[in-house]
Amino acid sequence: MAGVYKITELVGTSPTSYAEATKLAIAEAAKTVRHIDWFEVAEMRGRVEEGKVAEFQVKLKIGFKLER
């Protein structure tokens with residue numbers, strides 16, 4: 001079906017993994033944004049503390065269909 005989609009950016013974080021950061025960001029967005037149809041990982045980075053990975057960070061673009 002034809003439609004109009006909006007794209008917005010999110011940043012998810014996790015002490016565990018990039019995958020977990022992605023899942024958490026989408027789950028949180030889904031609480032207030034309806035009709036999320038897809039996502040794209042735009043950037044991956046992290047934070048280091050005392051020579052060890054302390055946090056995984058993922059910048060996502062999500063697409064959702066606008067309602068009429």
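User: Why is R34 called exposed?

Analyst: R34 has a relative accessible area of 56%. Buried means under 20%, exposed means over 50%, and partly exposed is in between (1.4 Å probe, protein chains only). The value of 56% is over 50%, so R34 is exposed. Two notes on the source come next. This is a predicted model, where local features need pLDDT of at least 70 and side-chain atom pairs count only at pLDDT 80 or more, while totals for chains, interfaces and linings use all residues. Residues are numbered from 1 along each chain as its sequence is written, and side-chain values use heavy atoms, with hydrogens and water left out.

User: What makes R34 and E67 a salt bridge?

Analyst: A salt bridge needs a side-chain nitrogen of Lys or Arg within 4 Å of a carboxyl oxygen of Asp or Glu. Here the N to O distance is 2.6 Å. That is within 4 Å, so the label holds. R34 sits in the loop between α1 and β2, and E67 in the segment after β3. The pair therefore ties together parts that are 33 residues apart in sequence.

User: Why is E67 called partly exposed?

Analyst: Its relative accessible area is 47%.

User: How many salt bridges does a search of the whole structure find?

Analyst: Seven. One of them joins E43 and K59, with the closest N and O atoms 3.5 Å apart. This pair links distant parts of the chain: E43 is in strand β2 and K59 in strand β3, 16 residues apart. E43 has 36% relative accessibility, so it counts as partly exposed. There is also a network of salt bridges, which links E9, E43, R45 and K59.

User: Is E55, with its relative accessible area of 17%, buried or exposed?

Analyst: Buried, because 17% is under 20%. Its side chain meets that of R47 in a salt bridge at 3.5 Å, N to O. R47 stands at 33%, so R47 is partly exposed.

User: How do you know which strands pair in the open sheet?

Analyst: Start with the strands. Helices (H or I, at least four residues) and strands (E, at least two) are DSSP runs, numbered from the N terminus. Two strands pair if DSSP finds at least two bridges between them. The open sheet has three strands in the order β1-β3-β2, with antiparallel pairing. β1 (5-14) and β2 are the edge strands, each pairing on one side only. The twist averages 15° from one strand to the next.

User: What makes β1 and β3 a pair?

Analyst: Ten bridges join β1 and β3 (residues 52-65), in the antiparallel sense. At least two are needed, so they pair. Among the facing residues, S14 has F56 as its bridge partner in β3. G12 stands opposite V58.

User: Over how many bridges do β2 and β3 pair?

Analyst: Twelve, also in the antiparallel sense. R45 stands opposite Q57 in β3, and V48 stands opposite V53. β2 and β3 form a hairpin with two residues between them.

User: What is noted about phi in E50?

Analyst: The phi of E50 is positive, about 50°, although E50 is not a glycine. Most residues other than glycine have a negative phi. E50 is in the loop between β2 and β3. Its relative accessible area is 82%, so E50 is exposed. H35 also has a positive phi, near 65°. H35 lies in the loop between α1 and β2, and at 43% it counts as partly exposed.

User: Which residues make the nonpolar surface patch?

Analyst: Y5, I7 and W38 make a patch of about 300 Å². Patch residues have over 30% relative accessible area and no salt bridge; like charges are joined within 9 Å, nonpolar side chains (Val, Leu, Ile, Met, Phe, Trp, Tyr) within 5 Å. Areas come from the Shrake-Rupley method with a 1.4 Å probe, and for residues only the protein chains shown count as cover. W38 has 32%, so it passes the 30% cut-off and is partly exposed. W38 lies in strand β2 (residues 36-49).

Terms used: Axes are lines fitted to C-alpha atoms, for helices over the stretch in contact, and angles run from 0 to 180 degrees between N-to-C directions.
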